[in-house]
Amino acid sequence: MADFNDRQKAFENKFARDAELQFKVTARRNRLVGEWAAAQMGKSGDEIAAYAKEVVEADFEEAGDEDVIRKLLGDFEATNTDVDDAAIRAALEENMDEARRQFIEENE
């Protein structure tokens with residue numbers, strides 16, 4: 001019985017580590033997308049970092065990417081920046097790969 005409990009505990013620990021890793025990678029991706037979006041809107045310097053932080057925080061509204069996409073679309077519209085939904089989704093996908101790569105490099 002102890003063997004089963006040990007395996008169960010190991011599985012639970014792995015699940016928790018995987019969930020934490022996914023959270024960190026997604027937050028990194030959102031920061032990268034925020035930096036990209038800020039540049040598209042003509043922001044510079046400290047404005048870029050501040051905006052990237054806003055994008056990361058926007059992801060806490062609901063599960064999935066729709067809250068981030070809504071924020072970006074609204075901000076692009078407010079600043080008359082010509083970026084559409086498809087471009088945002090492509091940036092999210094591209095930056096997810098980059099965020100994973102960066103995270104792996106930092107943790108080797």
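Accessible areas come from the Shrake-Rupley method with a 1.4 Å probe. On this basis, the accessible surface of the protein chain is about 7,300 Å². Carbon and sulfur atoms account for 51% of that surface. The model is predicted.

The protein chain contains 4 helices and 0 strands. Its pattern along the sequence is α-α-α-α. The radius of gyration is 17 Å, well over the 13 Å given by the globule rule for 108 residues, so the protein chain is more spread out than a compact globule. The C-alpha trace spans about 65 × 30 × 20 Å along its principal axes. Of the 108 residues, 31% are buried. Among contacts between residues at least 6 apart in sequence, 58% join residues at least 24 apart.

The structure holds 2 aromatic pairs. In one of them, the ring centres of Phe23 and Phe60 are 6.2 Å apart and the planes meet at 20°; the pair is therefore stacked, since planes under 30 degrees apart count as such. Phe23 belongs to helix H1 (residues 2-40), and Phe60 to the loop between helix H2 (46-58) and helix H3 (66-78), so the pair ties together parts 37 residues apart in sequence. Phe23 is partly exposed, at 48% relative accessibility. Phe60 is exposed, at 54%.

Trp36 and Phe76 form an edge-to-face pair, with 5.9 Å from centre to centre and 85° between the planes. This pair links helix H1, through Trp36, to helix H3, through Phe76, across 40 residues. Trp36 is partly exposed, at 25% relative accessibility. Phe76 is buried, at 1%.

The protein chain carries 15 positive and 28 negative charges.

Definitions and conventions: Residues are numbered from 1 along each chain as its sequence is written. This is a predicted model: local features need pLDDT of at least 70, side-chain atom pairs count only at pLDDT 80 or more; totals for chains, interfaces and linings use all residues. Side-chain values use heavy atoms; hydrogens and water are left out. Rings of Phe, Tyr and Trp (its six-membered ring) pair if their centres lie within 6.5 Å; planes under 30 degrees apart count as stacked, over 60 as edge-to-face and the rest as tilted. Helices (H or I, at least four residues) and strands (E, at least two) are DSSP runs, numbered from the N terminus. Buried means under 20% relative accessible area, exposed over 50%, partly exposed in between (1.4 Å probe, protein chains only). The radius of gyration is taken over C-alpha atoms; the globule rule is 2.2 Å times the number of residues to the power 0.38. Contact means heavy atoms within 4.5 Å. Lys and Arg count as positive and Asp and Glu as negative; His and the chain ends are not counted. The place of a charge is taken as NZ of Lys, CZ of Arg, CG of Asp or CD of Glu.
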